[in-house]
Amino acid sequence: MNIHVNYDDLIPNNVDLSNDPKLKRALEKWHPGYINWWKDMGPEGFQTADVYLRTAVSVDPKGWAKFGYVKMPEYRWGILLAPQVEDRTVPFGEHKGELAWQDVPGEYRAMLRRLIVIQGDTEPASVEQQRYLGKTAPSLYDMRNLFQVNVEEGRHLWAMVYLLQRYFGRDGREEAEGLLARRSGDADNPRMLGAFNEKTPDWLSFFMFTFFTDRDGKMQLESLAQSGFDPLSRTTRFMLTEEAHHMFVGESGIARTIERTCEVMKANGIDDPHDKERIRALGVIDLPTIQKKLNLHYSLSLDLFGSEVSTNAANAFNAGLKGRYQETKIEDDHMLRDVTYPVLELKDGKFVTVDEPALAALNGRLRDDYSADCQKGVTRWNKVIEKAGVNFELKLSHPAFHRYIGGFTNVYASPTGELMDKAAWEKRKGEWLPNTDDMDFIYHLMQPEYGIGKYANWISPPKVGIDNKPGDFEYVKLA
Ligand SMILES: [Fe+2]
Ligand SMILES: [Fe+2]
């Protein structure tokens, strides 16, 4: 079993790259373009800083990472696959029970390539979206977490590029180039999915993004980890190990923001969470504004699941390429013949639950699993508010609110699911989504705090340091 990683090669790997000269050459050819992309589109202004980062050195769950100071362009982005499970079989679909494929099944080549490219495209996109945030970091601790997420998204791109170059020949090499050519938000050559072309202009957005959008990533990776194409399963399984930290950054970042707001409210005798003027004057973010950011990032992330009812999803499942969340733990036939799944739809002006064929409703199901996972984090945030004695509750917006993909496109609903016409919605959207005033306030609040062990006024320090480091640890040595 290849648990340990070969760090002597230019490209650290546990896929025995030195015995595959053709692939090694292809990846080494792609490498300079990647480094150029990182220098152009990676964290701006911090490429020469020494950052205390973890690097994957093994895929052993008991100790896969080592920490140390690294200049980001010198980070060892490697190709790491979780260990092969012996005699693994395809867990679902028409090929259920057959030995998992070690090579691409010819008939599914195009579908599989598309799944890998779409996943791959999100990885560099988020690095691009987050590239200016170092300049307004609320602490060196947070800055380090941002850069950790960034380098690992870079590694995830490597992971997908490995699959493309190893298994898809010339087409794969072209796709690998395309992944370096598209740019988040670019008018001519944008990233493939909507949420990955949005701006991440401030740290509240960053935390919401890592909570909501990286969690979409987790759901997608979880369903790809079920794949009958074994190399994809092994690659995504290891990516999930890293992904957990990204969601921790988001959840704890929002929790610390909330905690600080409540603390300052209490210290100044403010009971009304809607007393925006007074709360903002104290240099913290009022809870209703946090709710608006939540509405924005949650609704954008819901769109990433695609149409609730989709033949593409059914085909990928039938083919054994993309399963359900925790497929192997679900107790059914894993074929989904003649079964239904309840999908929320709008019929004759009312929200109703319709029993759709379960195969077609796979995106809807994954989105529901996602929402349930999000709700757990929101509940924990509400505990922070409750503990502080503030009367306010954060809520996930209604699935029909602010949607551009799926059955609720062109539906005008409030975050609580109240239907209205377009004009009424447009008039009120500033109550539900960050408006210019909110964005201006947050923008001006985001002043960098680079002092060792210091934190910007709007956010509480973390409970524990990264790698158990003490509060005065210098997570980033600025050059
Ligand atoms: Fe990722
Ligand atoms: Fe991530």
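Biologist: How many bridges join strand S3 (residues 340–347) to S4?

Modeller: Strands of a sheet pair through backbone hydrogen bonds, and they do so either parallel or antiparallel. In this structure eight bridges join S3 (residues 340–347) to S4, and these two strands run antiparallel; one example is threonine 340, whose bridge partner in S4 is proline 357. Strands here are DSSP runs of E with at least two residues, helices are runs of H or I with at least four, both numbered from the N terminus, and two strands pair if DSSP finds at least two bridges between them. Please bear in mind that this is a predicted model, in which local features need pLDDT of at least 70 and side-chain atom pairs count only at pLDDT 80 or more, while totals for chains, interfaces and linings use all residues. Residues are numbered from 1 along each chain as its sequence is written, and chains are lettered from A and ligands numbered from 1 in the order in which they are written.

Biologist: Which residue takes a positive phi in the hairpin of S3 and S4?

Modeller: Aspartate 348 does, with a phi near 50°, in a hairpin that has two residues between its strands. Aspartate 87 also has a positive phi, of about 55°, although it is not a glycine, and this residue is found in the loop between S2 and H2. Glutamine 326, likewise not a glycine, has a positive phi near 55° and sits in the loop between H9 and S3.

Biologist: Is aspartate 87 buried or exposed?

Modeller: A residue is buried if 20 or more other C-beta atoms, placed from the backbone, lie within 10 Å of its own, exposed if 12 or fewer do, and partly exposed in between. Aspartate 87 counts as exposed because it has 7 C-beta neighbours inside 10 Å, and glutamine 326 is exposed with 12. Strand S4 (residues 350–357) is hardly covered, since the count of buried residues among its eight residues is zero. Alanine 314, in helix H9 (residues 311–318), counts as partly exposed because it has 19 C-beta neighbours inside 10 Å. Glutamine 119, in helix H2 (residues 109–129), is buried because 23 other C-beta atoms lie within 10 Å. Across the protein chain, buried residues make up 46% of the 479 residues.

Biologist: Which residues does glutamine 119 touch, not counting residues up to four places away in sequence?

Modeller: Two residues are in contact if their C-beta atoms, again placed from the backbone, lie within 7 Å. Glutamine 119 touches Met160, Gln220 and Leu224, with residues up to four places away in sequence left out. Alanine 314 and alanine 361 are 47 residues apart along the chain, yet their C-alpha atoms are separated by 7.7 Å. For the protein chain, 70% of the contacts with a separation of 6 or more are between residues 24 or more positions apart.

Biologist: At what angle do helix H6 (residues 230–267) and helix H10 (residues 362–387) pack?

Modeller: Such an angle runs from 0 to 180 degrees between N-to-C directions, and axes are lines fitted to C-alpha atoms, for helices over the stretch in contact. H6 and H10 pack at an angle of about 20°, with their axes 9 Å apart. That makes H6 roughly parallel to H10, because angles under 35 degrees count as roughly parallel, over 145 as roughly antiparallel, 65 to 115 as roughly perpendicular and the rest as oblique. The residues that make the contact include Ile254 and Ile258 of H6 and Trp381 and Val384 of H10.

Biologist: What is the order of the open sheet of three strands?

Modeller: The order is S2-S1-S5, with antiparallel pairing. Its edge strands, each pairing on one side only, are S2 (65–71) and S5 (476–477). Two bridges join S1 (residues 50–56) to S5, and valine 51 has valine 476 of S5 as its bridge partner. Helix H3 (residues 140–167) lies across S1 and S5, running at about 40° to S1.
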